[in-house]
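Visitor: I would like to learn how to read a model of this kind, feature by feature. Could you take me through one?

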Amino acid sequence: MSVSTSRGTTDALGPDPFPGSELLAALLDGMDAALCAFDASGTVTHWNREAERILGWSAQEAVGRTGFAGWAVRRADADEVQARLMSAMDAPGRQVHEFALLRKDGGRVLVRTQSAGVRGAEGKPAGVYCAFSEVHAQIDLERAIALSEALLEDASWGVVLVDVDLRPTVVNAYASRALGGGRTTLLGRPLGDLVVQGVEELEAALHHVLAEGAPGAPAEMWVTLRTAEGERRRCWRSGFLRLASPLTEEPVPLGVGWLFRDVTATKLAQQEADRLRFRTSQLHRAGRTASECEDPMEAATSLLDFALAGFADHVLLDLTAADTASGGPAPGGGAAGDSAAGGRLVRTAATPSDAPGPCLPVAGGSLPVRYGPGHPALQAVERTGSVRTSAGAGNPGAAAAWAAERRWPGDAAHALCTVLRSRGRTLGVLTFLRAANRAAFERPDTTYAETVAARVAGAVDLARAVGRPAD
């Protein structure tokens, strides 16, 4: 600890640009912790500026005093404090204590100290140095460290620290599972290696945080991940924090703290609930409108207009030929089903094939639709159920050829055919079509289509029963 020892070490390493005492004083005063030192007799030999800030006593007032008695500690506590501090001179390692010290203005402050012995040139005890800080500051620091360690280990949110180049530098266990990789294999990789779709939005959010600071509320982003099992579509509710170095006067960005939670299941449930609510409302409105139609076939097309909203791009209404349908087949299929399977389906109503529009009766109808064997509409009749099919993920030309082969509009890429049944008879087929920019039909869509088909079948059956032309 002596100045002469410090100078000797510096001279041995090379020319010393600073006098040893000035360098030591600068180092002590630059410390974030308060520090004082005692020689073997208990006299204060060093006192830095942080110690002055906490207790109010300057170095000139502190250095040279024997112990803390009467000025930095109450006299009643002085002997105990001095004994505990000086005991570190003969003990190995560091000792941690908490004391109530006195400020110069008379106030008391609880500090936590770490003290250790100092050895002289011959290895004999030469004194003690003591680093101390206010207990509440130390506790705040410990809490901050504990919080960061908990977040980066087993938090129930994903935590990713991203550097200014937008590459992960720290990933916790939750985030590694969500991103589909190990905690070390994800480090340093561009986000585009992990996120197939949605990476532009994520990187834009990170850039914004680096430039402008954290947003005021969490953001929900849909992304598609590349994993060993294939691509996965996920929704992450994300919050962002700009990280800056606490060791500089001007904030220096270190990167972004990205916290997120996978809310895919919740969002899908909300979407499904919203979809169900909308479809129920559409069916209700369709039923009220259809009840005001004098012509049952007009009621059928009105039902289809309401059903199309948000569900499909095109709808085709193909009915069995009137001569076979009116023959009164037996329940379960009978003549009508057999005739339809043989190709006797007549295009009765449809939406425009080249643009959005209402479902209208086909002008000059009563001509059978030339469906080839194995056509999805004929399969629906044969099965007395519903059939879903898609063109696949081929090029647009292949999808157009797929649609043309099945006598559907050229932009069709996904189809759902469901049979029309009323009073135990097959009356035809209802075909819903979606373009390639929409998702394929799924099982809940089938349930909705069958509900619509049941209402349309009732209207078609009524039209035939009262002698209205249905094809």
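Guide: What follows is a reading of a predicted model, going from the whole chain to single residues.

Visitor: How many helices and strands does the chain have, and what share of its residues count as buried?

Guide: The chain has 15 helices and 17 strands, and of its 471 residues 41% count as buried. Its accessible surface comes to about 24400 Å², with 54% of that belonging to carbon and sulfur atoms. Turning to contacts between residues at least 6 apart in sequence, 54% of them join residues at least 24 apart.

Visitor: How many disulfides does the structure hold?

Guide: The general idea is that a disulfide is a covalent bond between the sulfur atoms of two cysteines. In this structure there are zero disulfides. As for individual cysteines, Cys235 is buried, with a relative accessible area of 0%, and Cys417 likewise counts as buried at 0% relative accessibility.

Visitor: How should I read a pair of helices, and at what angle do the axes of helix 9 and helix 15 cross?

Guide: The general idea is to take the crossing angle of the axes, where angles under 35 degrees count as roughly parallel. The axes of helix 9 (residues 264-291) and helix 15 (residues 443-465) come within 12 Å and cross at roughly 5°, and therefore helix 9 and helix 15 are roughly parallel to each other. On the helix 9 side the contact is made by Glu272, Arg279, Gln282, Leu283 and Gly287, while helix 15 contributes Pro444, Asp445, Tyr448, Thr451, Val452 and Arg455.

Visitor: Which residues have a positive phi although they are not glycines, and where are they placed?

Guide: The general idea is that most residues other than glycine have a negative phi. Among the exceptions here is Arg407, with a positive phi of about 65°; Arg407 lies in the loop between helix 14 (396-405) and strand 16 (412-422), and at 38% relative accessibility it counts as partly exposed. Another is Arg423, whose phi is near 55°; Arg423 is found in the loop between strand 16 and strand 17 (425-435), and with a relative accessible area of 62% it is exposed. A positive phi, near 55°, also occurs at Thr384, the residue that follows helix 13. Within helix 13 (residues 376-383), the buried residues are Pro376, Ala377, Leu378, Ala380 and Val381.

Visitor: Is Val223 buried or exposed, and which residues is it in contact with beyond its neighbours in sequence?

Guide: The general idea is to set the element, the accessibility and the contacts of a residue side by side. Val223 is found in strand 9 (residues 219-227), and it counts as buried because its relative accessible area is 1%. Leaving aside neighbours within four places in sequence, Val223 is in contact with Val195, Gln197, Gly198, Arg232, Arg233, Arg234 and Trp236. Between Val223 and Trp236 there are 7.8 Å in space, C-alpha to C-alpha, the two being 13 residues apart in sequence.

Visitor: Which helix holds Ser176, and what does Ser176 touch?

Guide: Ser176 is found in helix 7 (residues 173-179) and is buried, with a relative accessible area of 7%. Not counting residues up to four places away in sequence, Ser176 touches Val171, Gly181, Gly182, Arg183 and Leu186. The C-alpha atoms of Ser176 and Gly158, which are 18 residues apart along the chain, are separated by 7.9 Å.

Terms used
Residues numbered from 1 in each chain as written. Predicted model: local features only at pLDDT ≥ 70, side-chain atom pairs only at ≥ 80, totals over all residues. Heavy atoms only, no water. Disulfide = S-S within 2.5 Å. Buried < 20%, exposed > 50% of the residue type's maximum accessible area, 1.4 Å probe, protein only. Axes fitted to C-alpha atoms, helices over the stretch in contact; angles between N-to-C directions. Helix = DSSP H or I, 4+ residues; strand = E, 2+ residues; numbered from the N terminus. Parallel < 35°, antiparallel > 145°, perpendicular 65-115°, else oblique. Contact = heavy atoms within 4.5 Å. Areas by Shrake-Rupley, 256 points an atom, 1.4 Å probe, with all protein chains shown as cover.
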